[in-house]
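Good morning, everyone, and thank you for making time for this. I would like to walk you through one structure, beginning with the whole chain and then turning to two places inside it.

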Amino acid sequence: MNTAQTTRACETCPAHNVANLVKLGINLEGTDYVVALAGNPNTGKSTVFNALTGLRQHTGNWPGKTVTRAEGAFSYSDKRYKLVDLPGTYSLLSTSTDEEVARNFILFGQPDVTVIVVDATRLERNLNLALQVLEITDRAIVCLNLIDEAQRLGIAVAERTLAKDLGVPVVPTAARRGIGIQDLLHTIHDVATGAVIPKPKRIVKHAPQLEKAIGSLAESLQSKFPGLTNARWVALRLLEGDDRIISAVRTGEITSILSLTELPRETVGEGVLE
């Protein structure tokens with residue numbers, strides 16, 4: 001048995017799981033951190049949710065919406081986590097209720113970590129949403145799910161290269177088989193507690209005139225709201241006439257995303273990716 005096989009065997013054995021993960025189901029009291037699960041439909045997002053919380057289904061309506069949500073909790077390394085499974089969506093541009101709910105929670109719900117679940121067999125398609133999430137938040141992890149299916153189809157994903165290209169941790173998983181769940185837990189814990197700082201590379205570029213306008217407006221936003229880490233994304237949404245973001249800037253609600261505690265941390269390159 002090689003090293004990878006030994007690791008996977010160890011991480012799926014009952015003793016290893018019991019020592020690290022406690023599935024709290026719907027017991028959401030006294031949680032230390034909030035984790036959001038984002039992803040396209042059919043990426044195994046709900047399977048990841050169930051693997052961490054022990055729930056099969058716990059849904060309710062978002063206030064004022066017909067979209068359902070799932071919430072659960074787990075404990076890991078003496079910390080309690082609330083896990084919010086956001087509606088599956090292909091974009092965050094608020095052209096549908098699902099997209100608005102997912103976008104607004106990531107932006108205004110202040111999750112300590114956003115886990116972007118992607119399908120390893122359809123990675124190119126899934127990266128559109130991932131890049132949009134990384135425009136909003138730095139505190140993100142890519143969960144490269146369905147690696148067993150990718151392997152069966154002869155698809156190999158260089159997760160270390162992908163992590164360096166994106167600037168955030170990438171954790172390969174096959175959630176329905178329990179593979180990679182311990183690595184995912186460890187990475188969530190590191191990002192939530194500040195042991196690792198992801199540094200997303202925002203690679204989306206626009207026409208020169210639009211880039212100039214985005215840069216100028218982003219500079220003004222950062223001046224008015226010091227510490228705003230996603231000023232570029234907010235600037236773009238303002239230029240596109242996003243009513244929700246316009247209102248958030250006018251009322252000062254946008255400052256709610258600045259309350260994350262700044263702590264000395266390692267960078268992704270020094271921690272997870274090496």
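What follows is a short tour of the overall chain, an aromatic group and one asparagine.

Please keep in mind that this is a predicted model. The protein chain contains 11 helices and 10 strands, and of its 274 residues, 47% are buried. If we take the contacts with a separation of 6 or more, 74% of them are between residues 24 or more positions apart. The chain exposes about 13300 Å², and carbon and sulfur atoms supply 50% of that area.

Let me turn to the aromatic rings, where a search of the whole structure gives 2 aromatic pairs. In one of them, the ring centres of F74 and Y81 lie 5.0 Å apart and the planes meet at 10 degrees, so this pair counts as stacked, the cut-off being under 30 degrees. Both F74 and Y81 are buried, and together with Y33 they form one aromatic cluster.

Is N40 buried or exposed? Its relative accessibility is 3%, and because buried means under 20%, N40 counts as buried. The side chain of N40 reaches the backbone oxygen of T89 at 2.9 Å, and a polar contact, also of 2.9 Å, joins the side chains of N40 and N126. Leaving aside residues up to four places away in sequence, N40 touches several residues, including G88, Y90, V117, R125 and L129.

Notes. Residues numbered from 1 in each chain as written. Predicted model: local features only at pLDDT ≥ 70, side-chain atom pairs only at ≥ 80, totals over all residues. Heavy atoms only, no water. Phe/Tyr/Trp six-rings, centres within 6.5 Å; stacked < 30°, edge-to-face > 60°. Buried < 20%, exposed > 50% of the residue type's maximum accessible area, 1.4 Å probe, protein only. Helix = DSSP H or I, 4+ residues; strand = E, 2+ residues; numbered from the N terminus. Contact = heavy atoms within 4.5 Å. Areas by Shrake-Rupley, 256 points an atom, 1.4 Å probe, with all protein chains shown as cover. Polar contact = N/O pair within 3.5 Å; in protein donor to acceptor, adjacent residues only side chain to side chain.
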